[in-house]
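Look at the fold before reading on.

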Amino acid sequence: MIIFGTRGVKSTIKSGDFHCPQCQNSRPYRHRKVTKFFTLYFIPLIPLGSAGEYVECGSCKGTFIPRVLENHPEKKEEFMAVYEQAIKHSMVLIMLADGEIDENEMNQVLAIFNKFGNKEIDLAELSDYVKQVEQEKEDVTTYLKKVAGYLNEHGKETVIKCGLSVAAADGHVDDSELEMIIEMGKALDMTALHVKGIINEMHPGS
Ligand SMILES: [Zn+2]
């Protein structure tokens, strides 16, 4: 059996100090580049092009778009960590997937976001965001493929944990929900084993 696939390989382009919007302080950073490789037996062989660049804070591990390096402290809203945007966006897409949104669901998503994120949002902000996302008509895996290159391991794991928490919000995680979580992991260039590890950690025995 021949085992092949793709994998993102990270390298550091530059490092130094920057103003981290999340820590709200001067912190060391690494400017990272992700190159997608074709792998054979898990060995990266052929580069398939760039999968994105991001800036990682050495202290909080938050990831930001590279433009954060030109940042001025007063612009911190615009530079909300990429993983926070990703968890907010993917949870809303999961919530929209079954067509209906009730207030109960909204409150659960809000609680999950405020538990995993560093930035608090309120129900009105989330409602505005849902309207915005509704117009784009994108599915969660298409969206995650786009942002995968901007997330570090910590960010990816947090996205999966939040997805799981939304799936478990009705009291149990069923097979179709688990399948969706594994698909989300795939879109993020995570191995099924890695995703299953997170699922087992959060829901032993599922
Ligand atoms: Zn930071």
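## Sheet and hairpins

His19 stands opposite Ser26 in β2. Strands here are DSSP runs of E with at least two residues, helices are runs of H or I with at least four, and both are numbered from the N terminus. The model is predicted: local features need pLDDT of at least 70, side-chain atom pairs count only at pLDDT 80 or more, and totals for chains, interfaces and linings use all residues. Residue numbers start from 1 along each chain as its sequence is written.

A second pair across these strands is Thr12, opposite Arg32 in β2. β1 and β2 run antiparallel and are joined by 16 bridges. Two strands count as paired if DSSP finds at least two bridges between them. The two strands form a hairpin with four residues between them. In that turn, Gln24 has a positive phi of about 55 degrees.

β2 also pairs with β3, again in the antiparallel sense, over 12 bridges. This hairpin has two residues between the strands, and Tyr41 takes a positive phi near 50 degrees. The whole sheet is open, with four strands in the order β1-β2-β3-β4 and antiparallel pairing. β1 (4-20) and β4 (63-64) are the edge strands, each pairing on one side only. Strands of a sheet pair through backbone hydrogen bonds, either parallel or antiparallel.

## Gly49 in β3

Gly49 sits in strand β3. Lys36 stands opposite Gly49. Phe37 is 12 residues away from Gly49 along the chain, and their C-alpha atoms are separated by 7.6 Å.

Is Gly49 buried or exposed? Gly49 has 7 other C-beta atoms within 10 Å, so it is exposed. The cut-offs use C-beta atoms placed from the backbone: a residue is buried with 20 or more others within 10 Å of its own, exposed with 12 or fewer, and partly exposed in between.

## Chain overview

The protein chain has seven helices and four strands. From the N terminus on, the order is β-β-β-β-α-α-α-α-α-α-α. Along the principal axes, the C-alpha atoms fill a box of roughly 55 × 45 × 35 Å. The radius of gyration is 17 Å, which agrees with the value near 17 Å for a compact globule of 206 residues. That radius is taken over C-alpha atoms, and the globule rule is 2.2 Å times the number of residues to the power 0.38.

Of the 206 residues, 32% are buried. Among contacts with a separation of 6 or more, 62% come from residues 24 or more positions apart. A contact means that the C-beta atoms of two residues, placed from the backbone, lie within 7 Å.

## Two domains

The domain assignment gives domain 1 (4-79) and domain 2 (82-202). Such bounds come from an automatic or database domain assignment. The domain centres, taken over C-alpha atoms, are separated by 21 Å.

Where the domains meet, 13 residues of domain 1 are in contact with 11 residues of domain 2. On the domain 1 side, β1, β3 and β4 are the elements that give two or more residues. β3 gives the most, with four residues. By class, this side has five nonpolar, five polar and three charged residues. Ala, Val, Leu, Ile, Met, Phe, Trp, Tyr, Cys and Pro count as nonpolar, Asp, Glu, Lys and Arg as charged, and the others, Gly among them, as polar.

The largest nonpolar core has 44 residues. Val82, Met91, Leu151, Val166 and Leu188 touch the most other members. Both β2 (25-40) and β3 (43-57) supply at least two residues of this core, as do helices including α2 (103-116) and α5 (153-167). α1 gives the most, with nine residues. Domain 1 (4-79) and domain 2 (82-202) both contribute residues, so the core lies between them. A nonpolar core is a set of buried Ala, Val, Leu, Ile, Met, Phe, Trp, Tyr and Cys residues joined through C-beta atoms within 7 Å.

Which residues does Met91 touch? Leaving out residues up to four places away in sequence, Met91 touches Val109, Ile112, Phe113, Cys162 and Val166.
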